[in-house]
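Thanks for asking me to look this one over. Please open the model alongside these notes, so that you can follow each point on screen.

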There are 4 protein chains.
Amino acid sequence: MQLGVIGLGRMGANIVRRLLRNNHECVVFNRTPEKVKQLASEGAIGASNLDDFVQKLDKPRAIWLMVPAGDPTEDMVMELAAKLDSGDILIDGGNSYYIDDIRRAKALEARGIHYVDIGTSGGVWGLERGYCMMIGGSETAVKHLDPILQTLAPGQGDISRTSGRDKVGGTAEQGYLHCGSNGAGHFVKMVHNGIEYGIMAAYAEGLNILHHANVGKQQRAASAESTPLRDPEHYQYDFNLPDVAEVWRRGSVIASWLLDLTAIALLKDPQLSTFTGRVSDSGEGRWTITAAIDEGTPAPVLSAALYQRFSSRGEDEFSSKLLSAMRYQFGGHIEEHAEISS
Amino acid sequence: MQLGVIGLGRMGANIVRRLLRNNHECVVFNRTPEKVKQLASEGAIGASNLDDFVQKLDKPRAIWLMVPAGDPTEDMVMELAAKLDSGDILIDGGNSYYIDDIRRAKALEARGIHYVDIGTSGGVWGLERGYCMMIGGSETAVKHLDPILQTLAPGQGDISRTSGRDKVGGTAEQGYLHCGSNGAGHFVKMVHNGIEYGIMAAYAEGLNILHHANVGKQQRAASAESTPLRDPEHYQYDFNLPDVAEVWRRGSVIASWLLDLTAIALLKDPQLSTFTGRVSDSGEGRWTITAAIDEGTPAPVLSAALYQRFSSRGEDEFSSKLLSAMRYQFGGHIEEHAEISS
Amino acid sequence: MQLGVIGLGRMGANIVRRLLRNNHECVVFNRTPEKVKQLASEGAIGASNLDDFVQKLDKPRAIWLMVPAGDPTEDMVMELAAKLDSGDILIDGGNSYYIDDIRRAKALEARGIHYVDIGTSGGVWGLERGYCMMIGGSETAVKHLDPILQTLAPGQGDISRTSGRDKVGGTAEQGYLHCGSNGAGHFVKMVHNGIEYGIMAAYAEGLNILHHANVGKQQRAASAESTPLRDPEHYQYDFNLPDVAEVWRRGSVIASWLLDLTAIALLKDPQLSTFTGRVSDSGEGRWTITAAIDEGTPAPVLSAALYQRFSSRGEDEFSSKLLSAMRYQFGGHIEEHAEISS
Amino acid sequence: MQLGVIGLGRMGANIVRRLLRNNHECVVFNRTPEKVKQLASEGAIGASNLDDFVQKLDKPRAIWLMVPAGDPTEDMVMELAAKLDSGDILIDGGNSYYIDDIRRAKALEARGIHYVDIGTSGGVWGLERGYCMMIGGSETAVKHLDPILQTLAPGQGDISRTSGRDKVGGTAEQGYLHCGSNGAGHFVKMVHNGIEYGIMAAYAEGLNILHHANVGKQQRAASAESTPLRDPEHYQYDFNLPDVAEVWRRGSVIASWLLDLTAIALLKDPQLSTFTGRVSDSGEGRWTITAAIDEGTPAPVLSAALYQRFSSRGEDEFSSKLLSAMRYQFGGHIEEHAEISS
């Protein structure tokens with residue numbers, strides 16, 4: 001079928017490519033015309049501006065937005081909605097906050113336009129592996145999009161079938177799911193990313209413990225300010241982390257796709273010296289915690305994972321200084337220099 | 001080759017079976033003779049007591065212990081060591097604390113006996129999938145065991161090869177790894193389990209947030225003791241959790257084997273009504289935190305995951321009562337009854 | 001000076017009493033007339049309805065609301081505002097979300113009414129000790145209220161003066177502070193309560209560790225599902241917690257008012273058997289975390305304290321069941337019964 | 001009475017001074033003779049070496065060690081014990097691990113020497129305020145030391161009496177407590193410090209949230225890697241932190257001695273620019289967590305506080321790099337530079 005796609009960044013462009021390869025028709029638009037040209041050269045129909053884009057689409061139009069969350073998406077939804085007709089479908093495939101979906105869907109519904117929110121996971125690998133899609137919106141609109149969704153999704157593949165799934169059916173085992181009414185798609189994607197942060201941190205903390213397992217080999221100056229290691233002979237291991245990550249990939253309880261990627265990264269650069277360790281976070285992790293708190297459900301692991309990212313960017317600096325200031329006040333403790341205590 | 005196996009529980013018996021299926025010879029012993037009989041009927045050579053077991057093995061003997069960690073393993077290592085000869089290899093394949101390995105290996109070395117610690121992951125699925133093995137001990141001993149290890153390991157299978165791994169080689173991509181000197185195997189396995197707790201908790205917290213996403217539908221009595229939900233309309237979702245777990249299995253960033261198992265469990269019993277929620281922990285998670293603290297490396301995610309298990313068993317009860325007692329003292333706050341606040 | 005007070009619960013009534021004792025005039029109103037009668041008998045001027053209340057106040061009116069946060073406060077602010085005149089001052093002394101203050105202040109400003117938000121700490125002890133007040137609003141309005149604030153605040157008392165404070169001055173050392181524009185008062189009070197949760201949890205966790213320091217005396221059934229204590233002889237202490245809390249009150253680094261209250265509670269009932277351990281939370285702790293996340297500042301301690309309260313009310317039940325379900329799937333682990341593992 | 005004191009650092013010297021001021025006799029020794037001379041000039045009896053020290057003391061000797069925990073204490077206990085006689089009392093007043101106390105007490109008991117462990121809190125303020133002391137050892141030995149303990153303790157002072165304490169009595173309200181058998185003193189002190197870390201972190205996190213409450217004023221470059229603040233108008237506050245800390249000191253629920261110190265530190269240097277934020281930890285915080293884990297009691301708040309200190313010293317660097325490496329692998333995410341994201 002035909003799909004209009006706006007936003008031809010990393011994700012958007014690959015979504016178009018995956019559709020083109022499977023004989024769908026794509027009308028594409030992007031603020032920077034180079035990206036439009038590039039995809040036109042790969043078989044897409046390029047649009048030179050938003051009006052051109054809207055006109056080139058058959059009614060009822062199906063349009064997939066893949067632009068940054070926040071203001072860019074908000075602006076585009078509103079600008080575009082003004083040009084659409086009743087019955088058209090507008091998909092937000094980005095990383096929007098589900099609360100914005102609820103509001104936007106209501107606004108568009110008044111004009112007969114279907115709003116569909118699709119949380120899309122898969123990153124740069126999606127072109128080949130397919131995209132896992134979590135979808136919110138009306139039954140009618142989601143059904144209409146099914147040919148597109150089927151193509152973008154990974155499909156059942158060679159992943160073992162969940163016992164009992166044959167009696168239940170549904171699209172979940174194809175890698176896409178209509179999760180509920182508007183916002184449901186991005187809600188599930190939000191929690192997905194919250195979990196992602198937690199899993200990533202679990203690996204990172206564990207590998208960091210292995211990384212420091214030779215701490216007993218280091219000479220430490222005795223000092224009233226630092227704790228000597230009681231049993232240095234228990235921390236004499238120089239682990240080969242690329243090998244450790246690799247061995248866990250087969251047969252272990254913690255095998256996962258994130259572990260596969262970790263094994264690639266560690267093999268390429270065991271010291272990870274190309275990274276500074278300033279870790280970004282892109283919204284969903286924060287919103288997951290906000291949802292947990294609104295619901296009154298405890299999320300200590302997911303929160304700790306998020307906070308570690310904040311700390312990696314130095315956001316705990318004032319807090320740490322306060323601790324040192326208090327220690328100085330009650331005990332006259334002077335901060336140690338880096339070379340001594342580490 | 002030949003292997004003696006002591007301890008024919010869930011894991012031990014399946015290790016024997018996997019070896020027998022691949023034409024190794026197994027001499028087996030267990031305190032309860034029924035299990036010996038059972039495996040003898042499947043092709044193993046049964047031993048009636050420890051002396052009989054030792055005698056039936058060719059020198060240099062290779063013996064795999066698979067008994068509960070702590071006293072049972074300690075007692076068996078010591079009892080058995082007294083009957084072994086210089087050059088024999090004694091493997092602890094259980095969940096021992098790596099610090100015990102260091103001590104035991106030193107004690108046995110004095111008598112010329114090789115001690116090898118193997119952390120074994122794979123659970124009840126290992127018979128079919130193979131076991132991921134993390135190994136500590138001398139080069140000589142580990143090399144000698146290679147035919148056994150190769151058979152027990154999952155092998156490369158159809159898992160995608162890590163980019164660059166062809167130039168590096170090693171056994172890691174077969175699913176077993178000589179990690180270092182004694183204790184190294186159980187150290188890596190310990191951290192593996194620490195990570196396992198973290199990953200499990202990440203899924204559990206995330207799915208719990210989805211589970212409560214309909215909290216806006218509930219009528220809550222207004223009360224000075226509880227916080228009303230500001231925007232009930234944002235929490236109106238009844239998610240189908242078996243489907244959500246299933247959809248994440250394909251193409252998403254958080255696909256993993258633990259997610260596969262979660263999908264099975266949720267499909268079978270979406271309310272998990274057969275479980276009470278008292279979660280055990282078996283040592284490695286605790287030791288992981290102890291190692292993190294000894295090393296001075298932060299492990300907030302792994303700790304939170306461990307503590308959640310303690311709390312699930314009611315170990316925070318006195319702590320919670322204290323909070324209520326303080327609230328009563330400063331504010332006259334009376335505890336709410338369950339029916340009101342939940 | 002004269003102050004109108006609406007909401008004669010625990011806090012509101014004592015605020016009136018403290019003002020009356022210091023020769024201020026109070027006009028009071030409450031939905032249930034009994035409370036109005038009671039305070040009228042103590043010297044206040046009772047009002048029979050809202051119109052009567054407004055009429056009995058001299059212009060420019062100064063009115064203190066002390067009603068539950070959320071809808072009750074919102075409704076009262078809006079109902080009352082309609083009856084007030086330009087130049088009047090409306091104080092929200094309850095536990096409102098500072099975001100509501102910002103909005104309300106803007107709405108009232110359009111009509112010339114000053115809105116002042118006052119976070120009030122002190123609980124049931126405030127009548128005697130005075131109230132710590134954190135204030136947001138315009139300079140003019142806050143200055144006008146100074147006679148009231150001075151009376152309600154604890155004053156400098158016999159608390160040691162902060163070194164250097166004599167050169168700085170200000171009302172902070174009297175126990176009240178104009179923190180900034182609207183919302184600033186409740187923002188500071190919100191964080192105050194967030195900190196309160198953290199401090200309370202620190203004592204509760206520490207005392208819980210002391211409470212379980214005799215765990216080495218208990219016989220534990222060995223089991224593959226539970227971790228035996230390696231050194232039971234290290235956990236043979238039966239600590240007298242009322243005495244421990246008491247000794248920390250003098251000369252120790254952790255002396256505090258919350259510790260004073262803890263000592264009272266523990267002396268009265270060392271086992272805290274009158275409490276069930278279901279701990280409420282009243283909004284500010286949640287909002288503190290939301291603010292931390294919005295700002296990107298890590299708050300692991302304050303979050304952990306909040307989540308412990310959620311868990312105390314059973315909100316992690318589904319999460320725990322999932323952990324048990326995963327353990328059953330990969331390892332065939334059956335949950336232990338309470339009597340075995342605890 | 002007479003007390004021998006070894007170790008004349010910050011704490012040790014002030015302990016001697018407090019005793020001298022109250023007419024006790026002190027025999028003192030220190031490796032560096034200058035400190036001995038100094039205290040001799042203040043009225044103590046100086047010893048030139050350990051033998052001289054032992055000889056100058058009346059039998060049964062009472063000796064207080066105040067040397068760094070770990071090897072220095074261990075060596076001194078062992079060296080000194082060889083010179084003592086049956087009936088002598090050896091006090092470890094430092095920050096020893098209670099497990100070492102249990103072992104040492106047993107070793108000394110064989111020779112008839114009483115070992116007493118005293119956890120001492122009070123820091124540089126102890127000389128004036130007195131020391132809070134938590135004591136482990138035999139009834140006999142502790143009773144014998146009572147005149148010394150009474151003098152060193154703060155005494156009841158002007159702190160309000162705990163309701164009901166008059167009927168219970170005991171020394172706890174004098175600021176010293178015999179907590180139990182050997183190790184009990186340092187166990188209670190250990191948990192005291194664990195709590196101290198938690199309380200300090202609670203203030204630090206809360207004040208950090210106030211410190212960043214003006215984040216809405218900052219221009220942030222929009223980027224796919226960072227989360228824009230949804231409501232910048234909610235974060236426009238420039239709080240005066242010295243004033244905020246001050247106002248909380250009177251009448252608020254979170255008044256405490258640590259807050260008093262925080263108010264001093266913030267008034268002196270509101271930006272805390274003399275500190276780098278590398279926070280040391282001195283053993284007890286770590287041991288508190290180890291005890292919590294051994295006991296199976298959850299301690300998320302105390303752990304988070306400890307980990308924050310580790311992170312402040314950069315011990316999470318490899319962990320953070322791993323997160324960035326994974327993000328790069330699955331999403332092609334490039335780390336942002338400091339100037340953009342902060």
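1. **Ground rules.** This is a predicted model, in which local features need pLDDT of at least 70 and side-chain atom pairs count only at pLDDT 80 or more, while totals for chains, interfaces and linings use all residues. Residues are numbered from 1 along each chain as its sequence is written, chains are lettered from A and ligands numbered from 1 in the order in which they are written, and side-chain values use heavy atoms, with hydrogens and water left out.

2. **Shared surface.** Of the interface residues of chain A, 100% are also interface residues in chain B, so the copies meet through the same surface.

3. **Extent of the B–D interface.** Here 19 residues of chain B are in contact with 19 residues of chain D (contact means heavy atoms within 4.5 Å). The buried area is about 1,600 Å², with carbon and sulfur atoms giving 71% of that (accessible area, 1.4 Å probe, that the two parts lose on being put together, summed over both). In chain B, the residues that lose the most area to chain D are Ile293(B), Pro298(B) and Tyr307(B), together 41% of what that side buries.

4. How many salt bridges does the rule find across the interface of chain B and chain D? The number is zero (the rule asks for a side-chain nitrogen of Lys or Arg within 4 Å of a carboxyl oxygen of Asp or Glu). By class, the side of chain B that touches chain D has eleven nonpolar, four polar and four charged residues (Ala, Val, Leu, Ile, Met, Phe, Trp, Tyr, Cys and Pro count as nonpolar, Asp, Glu, Lys and Arg as charged, and the others, Gly among them, as polar).

5. **A look at Pro242(A).** Pro242(A) is buried, with a relative accessible area of 10% (buried means under 20%, 1.4 Å probe, protein chains only). Leaving aside neighbours within four places in sequence, Pro242(A) is in contact with Leu266(A), Leu267(A), Pro270(A) and, from chain B, Arg165(B).

Notes
Buried < 20%, exposed > 50% of the residue type's maximum accessible area, 1.4 Å probe, protein only.
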